[in-house]
Amino acid sequence: MSEQRDAALIAEFVETGKSLYDRGYATGAAGNMSAVLGDGTVLATPSGSCMGRLDPATLSRVRMDGEQIAGLKATKEILFHLAIYRNNPALKAIVHLHSCYCTALACLDNLDPASVVRPITPYVVMRMGDIPLVPYYKPGSPKLAEELAALAPGRKAFLLANHGPITCGKDLTEAVNNAEEFEAAARIFFTLQGNRDHIRYLTSEEVAQLRK
């Protein structure tokens, strides 16, 4: 039964990568994903791979301590994936994209480091709550893993400064849904910039109701 579940997850992983690529959420060899298998090891995109052309036979598989046990060499950003899993065991899948609007948001100065998306609509609040900003570090830097290890408990999404979004979930479907919702919120934010003095944000009372 466990082998069947893992096989289904591997198929979903490849299909999800292609869907994200085909819909423009991922381009070239940018971005990466991971998911926890039934035995606690982690399935991940290989280094330099295109999410639209993943091969089930070459997907990376690593232990929670980072030891590679199968497939091609894992993405250099596997360190932060593992740091998130170790510090928030409820999470079982992670999607890291360089999607256009979220990455544009990540390049803005003076974002609130505690929550980069002000509540314009209910959906980011309901799905992910506060989304903290992670300071800029070179992609693959161990410092990213350190920052995310500290932020991971109780959170489902993060924004890497000048880099892009990370979204997580109890499964791959939730992680992808969160990625799409985050990108939609960023797109709404930029769409409204011509009317920034007339944006109605949700009130603190409305946000509190959503958090319940």
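By class, the lining of the largest pocket has 15 nonpolar, four polar and five charged residues. Nonpolar here covers Ala, Val, Leu, Ile, Met, Phe, Trp, Tyr, Cys and Pro; charged covers Asp, Glu, Lys and Arg; the others, Gly among them, are polar. This is a predicted model, where local features need pLDDT of at least 70 and side-chain atom pairs pLDDT 80 or more, while totals for chains, interfaces and linings use all residues. Residues are numbered from 1 along each chain as its sequence is written, and side-chain values use heavy atoms, without hydrogens and water.

Back to the pocket. Its volume is about 380 Å³, meaning the space filled by probe spheres set on grid points joined across faces, edges and corners. A pocket is an open set of points on a 1 Å grid over the protein atoms alone, where a 1.4 Å probe fits, with protein on both sides within 12 Å along at least five of seven lines; lining residues have an atom within 4 Å of a point. Of the 24 lining residues, Ser 115, Val 116, Val 117, Arg 118 and Pro 119 are closest to the centre of the largest pocket. Helix H6 gives the most to this lining, three residues; helices are DSSP runs of H or I, at least four residues, numbered from the N terminus.

The second largest pocket holds about 170 Å³. Its lining has 16 residues, with Ala 29, Gly 31, Asn 32, Thr 75 and Lys 76 nearest the centre. By class, that lining divides into four nonpolar, ten polar and two charged.

Note on methods
Helix = DSSP H or I, 4+ residues; strand = E, 2+ residues; numbered from the N terminus.
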